[in-house]
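Dear colleague,

Please find below the structure that I am handing over to you. My notes on what was found in it follow directly after.

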Amino acid sequence: KSANPQWREQFDFHYFSDRKDMLDIEVWGKDNKKHEELLGTCQVDITALPAKQTNCLELSLEKHPGSLLMLIAVAPCTGVSISDLCVCPLGDPSEREQISQRYCIKNSFRDMKDIGFLQVKVLKAVDLLAADFAGKSDPFCVLELGNDSLQTHTVYKNLNPEWNKVFTFPIKDIHDVLEVTVFDEDGDKPPDFLGKVAIPLLSV
């Protein structure tokens, strides 16, 4: 019930150089639980923003009245990576030794925000639910830790997909929970839910 909402929420997006450079933003309104209305859209060209500083932007909504006030910072993506199983970042003994030194007891208070990282190998799924009429699914896997989110590629027409990807996350809060969700890609429609598992970091 507001024409001037304040959200004051922060989101981290992992921006890799092979992705598109436009940040697409949509504003939606809800009349009730079922009806949603698009209130406007706008775009931000990430490449045009100065790096390593917080940019205050007032963005006019296209074809609709109103504007968005946002703070956007483009910073180096530290500690986050996606790689194939054969080039696993922890597979190199010298790199393992560097990491052991970085997180040893004597360095515990050097950087209070750098408390560690999590590496997850997403190998495969078995006997997934068939979401298509043909008795198959187009599964992909999404990993979420805090407000960080990474995902695998889609394996089409397969109930036993093999992804063989390695994901590395920086840990910002030891009480976070790793959520691993499998979806079925459904073209332009929202993906179908195929299953989920939650793993508290303190249980690892």
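Leu 202 counts as exposed, at 59% relative accessibility; here exposed means over 50% relative accessible area, buried under 20%, and partly exposed in between, with a 1.4 Å probe and protein chains only. Leu 202 is placed in the segment after β11 (192-200). Helices (H or I, at least four residues) and strands (E, at least two) are DSSP runs, numbered from the N terminus. Together with Ile 115 and Ile 174, Leu 202 forms a nonpolar patch on the surface, with about 270 Å² of accessible area for the three together. Patches are made of residues with over 30% relative accessible area and no salt bridge, where like charges are joined within 9 Å and nonpolar side chains (Val, Leu, Ile, Met, Phe, Trp, Tyr) within 5 Å. Accessible areas come from the Shrake-Rupley method with a 1.4 Å probe, and for residues only the protein chains shown count as cover.

Please note that this is a predicted model, in which local features need pLDDT of at least 70 and side-chain atom pairs count only at pLDDT 80 or more, while totals for chains, interfaces and linings use all residues. Residues are numbered from 1 along each chain as its sequence is written, and side-chain values use heavy atoms, with hydrogens and water left out.

Overall architecture

Read from the N terminus, the order of the elements is β-β-β-β-β-α-β-β-β-β-β-β. The C-alpha trace spans about 55 × 50 × 30 Å along its principal axes. Of the 204 residues of the chain, 31% count as buried. The chain exposes about 14,700 Å², of which carbon and sulfur atoms supply 53%.

The domain assignment, which is of an automatic or database kind, gives domain 1 (1-77) and domain 2 (81-203). The C-alpha centres of domain 1 and domain 2 are 26 Å apart. Five residues of domain 1 are in contact with six residues of domain 2, a contact being heavy atoms within 4.5 Å. Among contacts in the chain between residues at least 6 apart in sequence, 51% join residues at least 24 apart.

Salt bridges

How many salt bridges does a search of the whole structure find? The search finds four, a salt bridge being a side-chain nitrogen of Lys or Arg within 4 Å of a carboxyl oxygen of Asp or Glu.

One of them joins Asp 148 and Lys 172, with the closest N and O atoms 3.5 Å apart. This pair links distant parts of the chain, 24 residues apart: Asp 148 belongs to strand β8 (residues 148-151), and Lys 172 to the loop between β9 and β10 (177-184). Asp 148 is buried at 2% relative accessibility, whereas Lys 172 is partly exposed at 47%.

Another is formed by the side chains of Lys 196 and Glu 179 (3.1 Å, N to O). Lys 196 lies in strand β11 and Glu 179 in strand β10, so this pair ties together parts 17 residues apart in sequence. Lys 196 is partly exposed, with a relative accessible area of 49%, and Glu 179 is partly exposed at 27%.

The side chains of Glu 36 and Lys 30 also meet in a salt bridge (4.0 Å, N to O). Glu 36 is partly exposed at 43% relative accessibility, and Lys 30 is exposed at 63%.

Cysteines

With a disulfide taken as a pair of cysteine sulfur atoms within 2.5 Å, the count comes to zero disulfides. The sulfur of Cys 42 is 14 Å from the closest cysteine sulfur, that of Cys 56, and this is too far for a bond. Cys 42 is buried, at 4% relative accessibility. Cys 141 is also buried, with a relative accessible area of 2%.

Backbone and loops

Two residues other than glycine deserve a remark on phi. Lys 63 has a positive phi near 60°; it is found in the loop between β3 (54-60) and β4 (67-73) and is exposed, with a relative accessible area of 85%. Asn 164 has a positive phi of about 50°; Asn 164 is placed in strand β9 (residues 162-170) and counts as partly exposed at 30% relative accessibility.

Finally, Ala 134 lies in the loop between β6 (117-124) and β7 (139-145) and is exposed, with a relative accessible area of 64%. The C-alpha atoms of Ala 134 and Lys 157 are separated by 8.8 Å, the two residues being 23 residues apart along the chain.

With kind regards
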